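Thanks for passing this one along.

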Amino acid sequence: MKKLRPSGGYRDTASFQVTTIIYDATYWFCEAFLDPRSRTNDQMLQAARSGRQNIAEGSRASATSSQTELRLVNVARASLEELLLDYEDYLRHRRLPQWDMNAPEAQAVRAVPSNFKKNQTDPSHLTNLTDLSDAERGQLYAPWLDHQDPAVRANALICLINQASFLLDRQIAALEAAFIEEGGYSEQLATARLQKRKQDQTNRTDQSDQQKIKPPPCPVCYSLMSLRTAKTGKNAGQSFWGCTLYPNCKGTVKI
């Protein structure tokens, strides 16, 4: 049976793919530059993980609850905001420079997707960024995310977090618009049920009207005919007039 509302598919969304890079890079950043016993280490890892996992959970929940999906995507967005502040705090507390949004370094990080498209050498086998594995996408940012300087890593991650936040803001706006236009799952389920009941009522009315029609004489033996429904064959489910002397007479008339 076809599902009323589709769900899943989150692995192909840009927001999930970017937050996966952020989560992996944050894990390695904390491993390299933070005390594993510190509270900040735990908080940054949890915020990065929440930014990713809540997108997946919201996507799966979309099958039965628009509100739950919206809530979880908003949680993902809030977690990324928390992680953004942690990276900004890291730079500020260590008196390390934070890139301006228009700095060449920041522009280079933002340009990775467009540069990837430009560098496709075989026009007959173009590869989309979404077609790559998580590891392959992460490798595109390796010059920054594997850098020995923690300031470079932190700044590159700030750029990626801002990108992911922008994508999630658009996703949230689209979900809100869809909810206003189409309603939630309960409303859609009730609408589908009402449509099914209306169709059933129409079918019963049509069948009743057909039963009120005076049966024609059998074209073979001129006996009375009765209303029947084909059970097999290409006309299965369709009504027709059949001779009352069947199986001795197999005369039929289409309705």
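1. Let me start at the end of a helix. H3 is followed by Arg 95, a residue with a positive phi near 55°. Arg 95 takes this phi although it is not a glycine. Its place is the loop between H3 and H4, and Arg 95 is exposed, with a relative accessible area of 78%. Please keep in mind throughout that this is a predicted model.

2. Now the helix before that loop. H3 has 28 residues and spans 41 Å from its first C-alpha to its last, close to the 40 Å expected at 1.5 Å a residue.

3. The chain has 9 helices and 3 strands, and along the sequence the pattern reads α-α-α-α-α-α-α-α-α-β-β-β. Of its 255 residues, 36% count as buried. As for contacts between residues at least 6 apart in sequence, 61% of them join residues at least 24 apart.

4. Which residues have the most contacts inside the largest nonpolar core? They are Ile 22 and Tyr 87, in a core of 45 residues. Two or more residues each come from helix H1 (14–33), helix H2 (39–61), helix H3 (66–93), helix H4 (104–110), helix H7 (142–145) and helix H8 (150–182). H8 gives the most to this core, with 13 residues.

5. Leaving aside residues up to four places away in sequence, Ile 22 touches Leu 80, Leu 83, Leu 157, Leu 160, Ile 161 and Ala 164. There is also a second, separate core of 5 residues, which includes Cys 218, Trp 241, Cys 243 and Cys 249.

6. Next, a helix pair. Two packed helices are described by the angle between their axes and the distance between the axes. For H1 and H3, the angle is about 35° and the axes are 13 Å apart. H1 passes H3 in a left-handed crossing. On the H1 side the contact is made by Thr 19, Ile 22, Thr 26, Phe 29 and Phe 33, and on the H3 side by Leu 80, Leu 83, Tyr 87 and Tyr 90.

7. How many residues does H2 have, and how far does it reach? H2 has 23 residues and covers 31 Å between its first and last C-alpha atoms, close to the 33 Å expected at 1.5 Å a residue. Within H2 there is a bend of about 25° at Ser 50.

8. Is Gln 163 buried or exposed? Gln 163, in helix H8, counts as buried because its relative accessibility is 19% and the cut-off for buried is under 20%. Gln 163 touches Val 109, Arg 110 and Tyr 141, not counting residues up to four places away in sequence.

9. Ala 32 is placed in helix H1 and, at 46% relative accessibility, counts as partly exposed. From Ala 32 to Pro 150 there are 118 residues along the sequence, yet their C-alpha atoms are 8.6 Å apart in space.

10. Moving on to the loop between helix H9 (185–212) and strand S1 (225–229), we find Val 220. Val 220 is exposed, with a relative accessible area of 58%. Val 220 touches Cys 249 and Gly 251, not counting residues up to four places away in sequence. Cys 243 and Cys 249 are both among the residues of the second core.

11. Tyr 222 is found in the loop between H9 and S1. Although Tyr 222 is not a glycine, its phi is positive, at about 65°. Tyr 222 counts as exposed because its relative accessibility is 67%, and exposed means over 50%.

12. One last backbone detail for your list. Which two residues does a cis peptide bond join? They are Tyr 246 and Pro 247, with omega about 15°. Pro 247 is found in the loop between strand S2 (239–243) and strand S3 (252–254).

Technical notes
Residues numbered from 1 in each chain as written. Predicted model: local features only at pLDDT ≥ 70, side-chain atom pairs only at ≥ 80, totals over all residues. Heavy atoms only, no water. Core = buried A, V, L, I, M, F, W, Y, C linked by side-chain atoms within 4.5 Å. Buried < 20%, exposed > 50% of the residue type's maximum accessible area, 1.4 Å probe, protein only. Helix = DSSP H or I, 4+ residues; strand = E, 2+ residues; numbered from the N terminus. Contact = heavy atoms within 4.5 Å. Expected span 1.5 Å × (residues − 1). Bend = angle between axes of the 7 residues up to and from the residue. Axes fitted to C-alpha atoms, helices over the stretch in contact; angles between N-to-C directions. Left-handed = near helix turned anticlockwise from the far one by under 90°.
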